[in-house]
Amino acid sequence: MKVEQFNPQRPGDLVDPATGWVNRRVFVDADIHAMELERIFAQSWLFVGHESEVAKPGDYVTRTMGDDPIILSHSSDGQLRVFLNACPHRGTLVCRADAGNSPSFICPYHGWTFRNDGHLHSLADKPEAYKNKVDFDDYNLVQARVGVYAGLIFATFNEAAPDLESHLGNARWYIDMFFNRTPNGAEVLGAPVKWVANMNWKYGAINFAADGPHALAAHGPISRMAIDMPMEALVEIAKNGPAVRIGNGHGCIFVPGPPGFPDWTGFDPAMVPLYEQMLSAGQQGQLKTMFNGVMTVFPNLSWVHFPVTLSPKKPPINFFNMRVWQPTSAHSAEIWAWFIADKESADEYKEASLRLGIQTFTGAGTFDQDDSEAWASMDKGSRGTIGRQRMSSFQMILASQDDLIADFPGPGEAYHSTYSEMSEFGLLLKWREMMQAGSA
Ligand code: FES
Ligand SMILES: [Fe+2]
């Protein structure tokens, strides 16, 4: 199918809610990318880090929000703060390290120093050079709003954005199943792994919101090895798993284990009583039968959780990979990926989970390579003069939109099958709403 002319005044029209067709310019057009940075990334709450990364006063990490560098700081007064990593004097990065612990940040250009709560502390030049004509209260680091849920730290520079709880909404029920399921909560296992992929960031966010049908074709061979399940069985369970359009663009799928799959497969058995203590019956029911759980929090935070074994002699262990899809151009994204564990879990379990995760879901991981190749080739096939005039199809929604699960225990709209495109298309509907905002 070919599309009519693109009206740059109404970019949201590129996604058609009624038919499930999406103009491929959404994924490859530089003007669309520039608009996304303003209309989505500068407006929305964005994930910037996990509390366990900045556990002590003085801890900081440097990150990116949209195309802006930021510092996430655990200030000496105990507050979590997020600053634009740009000197108020001329814009130089005031912090260059990925992570550290410091009472202050010193701009390397003219030597101005900022406390880790963002206040200008001192000037290398004598303030008298300004002859009292300058109000240095205007020279603190620019601060974003910060919100924390289940240890996940989000920030936005948008003063008008609704609070974080409203943004997350129903997603909190699902976030709790992964990050808030033991009394002490979750922690990151080390620093994030980062790599650059030749793809639009949305290919990843949509895939994790999530795309059930790709697993068979893209991951068939490696699944046979890592999951030890015949492909036909994998398709069958994927078709039977719910896809949830959570609301606000958030989406997830749960693929249950096949018949006979023991409850809590791949989990640390010592954690199960804690899950039973912390989670509702509905949340426990989803988690204990879960073979594969995949979710995206709009716009660009995702995670995947499932049991793998790379040795037929060893039982499967869950790995839990969380990531952000950082937009760097219409055709490239930086992927930052963390491995997550319940804090109370034994070190041996964390170590095994981390090892299996690195082997499967990182830039060099078996599953990620399958996906990255597909996403990069979608970019190649869609960016040409003819290619970008074509449409991408999410038309499985036409067959699925009335197929709701009436008694699903979680909030949002749950559809019967991960073979529905309903939850991933939900992310594009939120994209459409935000891109259309302000249009005539
Ligand atoms: S640019 Fe930072 S002190 Fe001048
Ligand atoms: Fe995949």
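**Exercise 1.** In which hand does α5 pass α13 in their crossing?

*Solution.* The model is predicted, so local features need pLDDT of at least 70, side-chain atom pairs count only at pLDDT 80 or more, and totals for chains, interfaces and linings use all residues. Residues are numbered from 1 along each chain as its sequence is written, and chains are lettered from A and ligands numbered from 1 in the order in which they are written.

Step 1. Locate the helices: α5 covers residues 201–210 and α13 covers residues 422–436. Helices (H or I, at least four residues) and strands (E, at least two) are DSSP runs, numbered from the N terminus.

Step 2. Apply the rule: a crossing is left-handed if the near helix is turned anticlockwise from the far one by less than a right angle, and right-handed if clockwise. The crossing of α5 with α13 is right-handed.

**Exercise 2.** Describe how α5 and α13 pack, and list the residues that meet.

*Solution.* Step 1. The angle between the two helices is about 140°, and their axes are 7 Å apart. Axes are lines fitted to C-alpha atoms, for helices over the stretch in contact, and angles run from 0 to 180 degrees between N-to-C directions.

Step 2. This angle makes α5 oblique to α13. Angles under 35 degrees count as roughly parallel, over 145 as roughly antiparallel, 65 to 115 as roughly perpendicular and the rest as oblique.

Step 3. From α5, Ala 205, Ile 206, Ala 209 and Ala 210 meet Ser 423, Glu 424, Gly 426, Leu 427 and Leu 428 of α13. Contact requires C-beta atoms, placed from the backbone, within 7 Å.

Step 4. By class, the residues of this contact are 6 nonpolar, 2 polar and 1 charged. Ala, Val, Leu, Ile, Met, Phe, Trp, Tyr, Cys and Pro count as nonpolar, Asp, Glu, Lys and Arg as charged, and the others, Gly among them, as polar.

**Exercise 3.** Is Phe 425 buried or exposed, and what does Phe 425 contact?

*Solution.* Step 1. Phe 425 is in helix α13.

Step 2. Phe 425 is buried because 24 other C-beta atoms lie within 10 Å. The cut-offs are 20 or more for buried, 12 or fewer for exposed, and partly exposed in between, counting other C-beta atoms, placed from the backbone, within 10 Å of the residue's own.

Step 3. Leaving aside neighbours within four places in sequence, Phe 425 contacts Gly 20, Phe 394 and Ile 397.

**Exercise 4.** Where does Lys 343 lie?

*Solution.* Step 1. Lys 343 is in the loop between β19 (332–342) and α10 (347–360).

Step 2. Lys 343 is partly exposed, with 13 other C-beta atoms within 10 Å.

Definitions and conventions:
Two residues are in contact if their C-beta atoms, placed from the backbone, lie within 7 Å.
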